[in-house]
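Hi there,

Here is the structure I promised to send over. Please open it alongside this message, and my notes follow below.

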Amino acid sequence: MASGNTLHFDPDLHPDDTLKAFNDFIQSFYLRYEAQYPDPPKVSIDAAIERWKLANEEAKPTLEQYDTLRNEWRSKDRVAKFLGMFSSRRMYADWQVAEPDVTKRAQATWEYFVAQIQAYYKPTENLTLKNHKFRTLTQATQEAFPAFCNRVYKEAQHCNFKCQNDDCTAEDTAIRDQIIIGTIHDKIREEALKNSWDLPKLRKEGMQIESATKGVNELNNENPINKMGKYSYKNLKKKQQTGKPRACYYCGQDIKASIIEHVKTCRAKTSKCNFCDTIGHYESVCRKKKAVRELTTINPESQPRHEEDAEDSGIYNINIFRVTDTNPYQQHHTSLRMKEDFKVQVIVNNSLATVLADTGASISVCGKAEAKRWNLLSRMVKTQAKIKPYNSPPIPISGTTKCAVTFGNSSIPVEWHIIDNPCELVLAGRIAEELGIIKFDAKPTVFQPVQMIHSTDNKETLQNILQQFPQNFEGLGKLKNHQVKLHVDTSIKPVTTPARPVPYHLKERVTKEIEKMIKQDVIEEHPATKPAPWISNAVIAPKADGAIHMTLDARNVNKAIQSSSNLPIPRQEDIKAKLSGASVFSKMDFKSAFWQLELHPDSRYLTVFHANDKLYRYKRLTMGVKPAQT
């Protein structure tokens with residue numbers, strides 16, 4: 001509205017609250033006008049007096065008439081100066097719309113001008129909506145009764161309950177009724193209805209009842225009042241810590257401290273659920289998974305089959321499920337995993353078939369083509385259920401049917417869920433167990449926990465190995481016959497970051513670390529004859545032993561580095577399955593693992609950084625660059 005010493009009003013700057021901004025501005029403008037133009041110019045007031053004399057047959061104006069002439073001239077002059085000196089062209093356009101009569105605009109006084117503009121800027125109100133909002137007012141849990149009464153009174157001013165008659169009590173009656181309906185205190189409501197209180201009585205007695213109720217609760221230690229003082233926050237904090245731990249809605253972790261502080265940093269809020277593909281929680285707390293689990297625990301074989309039952313709207317979870325209509329990469333990835341699947345040949349309705357025994361599947365699934373080959377389509381019953389494969393969208397089921405499945409000497413009826421597309425035949429885990437394909441041992445042999453092999457027991461052997469092969473335990477290793485090359489998106493504009501000052505107490509340690517890294521062939525000084533379009537800063541992290549660890553702040557350069565591969569990360573379940581049966585485990589930790597990968601000479605210009613008033617660049621891969629992010 002105003003910048004510096006310039007007072008200026010522009011409606012375009014206040015599209016949402018133009019009326020409020022205009023009302024605030026005219027107050028400042030009135031003070032500025034009175035200070036800047038205290039008296040009208042003599043020429044202007046003389047001209048006004050002469051016009052008055054002509055209209056009143058040369059009569060001489062009295063002092064009161066002179067003041068009236070002066071005030072009328074100042075009122076019109078205030079409008080002219082406001083439109084011409086203190087507002088935008090849009091303001092004058094709005095004035096023309098608010099008062100289309102040219103004669104009235106020319107003779108408009110300040111009061112008339114303000115009233116017309118306020119009426120023009122006043123937003124259109126929907127009285128029905130205002131009344132609805134008023135009727136839905138309720139007292140908040142922590143809101144005091146007097147504050148609730150004031151809020152109801154303010155909302156009633158927008159509803160036009162009061163008529164033109166000064167004795168009208170409709171507004172007070174509406175306010176009283178809404179306070180009685182919306183209050184959270186049953187005692188106030190009961191007393192008001194029993195004694196037929198009017199509005200003043202209700203506000204007075206209600207405040208007293210609320211205060212008395214709080215006092216009783218405080219004495220009974222049922223609901224202690226938050227007191228002002230230095231001990232209140234401590235007591236509240238202790239109460240939160242000593243109570244029962246609360247489970248986080250997003251990750252399921254039991255939180256003994258403040259649940260609010262945990263939710264602010266909970267990583268599950270931005271994670272994707274592996275079951276329902278929804279962002280905002282982990283799979284362990286997925287409510288949809290819990291509902292499906294409760295649904296699938298019901299034995300479908302023991303329940304009577306109806307065409308439209310509760311099972312039709314369910315979602316069945318399957319861990320391993322492949323539809324054959326996939327792209328070449330998915331087919332190649334599938335062929336690598338098929339060697340590890342548990343496939344077996346069974347007889348389905350007198351036809352030989354190869355099925356996958358999936359212990360994570362609660363239903364048996366086949367494609368429509370297989371169902372036709374087994375002569376099952378004529379007995380198919382339609383259903384609305386769906387299949388939820390692992391990390392894939394749900395697949396609708398066309399229908400279900402039953403037939404006999406034989407394996408060895410066992411033969412049992414199996415309910416098949418048929419889908420439209422061709423797919424890999426999946427046999428439910430419960431069916432596979434009944435046929436004897438898999439065996440579930442509820443009481444397996446309990447193995448002893450993993451024992452650590454302490455190197456202190458074989459110190460002499462370790463020393464002999466170190467002396468026999470010293471070249472393998474000194475310096476920094478490097479992967480042979482391999483260089484890491486970074487691919488750059490040339491459309492990204494290079495960024496040269498200014499040097500970041502190093503704290504004085506770290507300069508000596510930074511110098512030693514630079515010398516050590518040069519000696520280990522990790523970095524080198526950037527050649528002065530070559531350009532450096534990308535320049536970053538070093539990140540200095542202190543270690544527990546007093547030394548420092550230097551990495552690269554590669555946030556800018558990572559925007560231009562393209563990902564060279566998107567290979568899938570092995571699942572935890574797959575790794576555990578591969579370790580099944582092993583009894584001895586070894587752990588190997590590479591020393592400075594990223595530094596053991598040599599960086600291609602054509603990619604080293606991307607790692608240039610400031611240090612000791614010079615430019616250095618990495619010869620090895622460093623943590624922070626996109627291929628080396630952890």
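What follows is a short tour of what turned up.

Before anything else, please keep in mind that this is a predicted model.

**The chain as a whole**

The chain has 630 residues, and 31% of them count as buried. It holds 21 helices and 23 strands. Among contacts between residues at least 6 apart in sequence, 61% join residues at least 24 apart.

**The largest nonpolar core**

This core has 28 residues, and the members that touch the most others are Ile514, Ile523, Met550, Phe609 and Tyr618. Two or more residues each come from α19 (507-519), β19 (548-553), β22 (609-611) and β23 (614-618).

**Strand β18 and its partners**

Strand β18 covers residues 536-542 and runs parallel to β22, joined to it by two bridges. In that pairing, Asn537 stands opposite His610 of β22. β18 also pairs with β19, this time antiparallel and through six bridges. There, Ile540 stands opposite Met550, and Met550 is also one of the core residues named above. β18 and β19 make a hairpin with five residues between them, and Gly546 in the turn has a positive phi of about 95°.

**Two positive phi angles outside glycine**

Asn350 is not a glycine, yet its phi is positive, at about 70°. You will find Asn350 in the loop between β6 (343-348) and β7 (351-358). Its relative accessibility is 75%, so Asn350 counts as exposed.

Asp521, also not a glycine, has a positive phi of about 65°. Asp521 sits in the loop between α19 and β17 (523-525). With a relative accessible area of 30%, Asp521 is partly exposed.

**A nonpolar patch on the surface**

Which residues form a nonpolar patch on the surface? They are Leu462, Ile465, Leu466, Phe469 and Phe473, with about 420 Å² of accessible area together. Phe473 belongs to the loop between α18 (459-468) and β15 (483-484).

Best wishes

Technical notes:
Residues numbered from 1 in each chain as written. Predicted model: local features only at pLDDT ≥ 70, side-chain atom pairs only at ≥ 80, totals over all residues. Heavy atoms only, no water. Core = buried A, V, L, I, M, F, W, Y, C linked by side-chain atoms within 4.5 Å. Buried < 20%, exposed > 50% of the residue type's maximum accessible area, 1.4 Å probe, protein only. Helix = DSSP H or I, 4+ residues; strand = E, 2+ residues; numbered from the N terminus. Patch = residues over 30% accessible without salt bridge, like charges linked within 9 Å, V, L, I, M, F, W, Y side chains within 5 Å. Areas by Shrake-Rupley, 256 points an atom, 1.4 Å probe, with all protein chains shown as cover. Salt bridge = Lys/Arg side-chain N within 4 Å of Asp/Glu carboxyl O. Contact = heavy atoms within 4.5 Å. Pairing = 2+ DSSP bridges.
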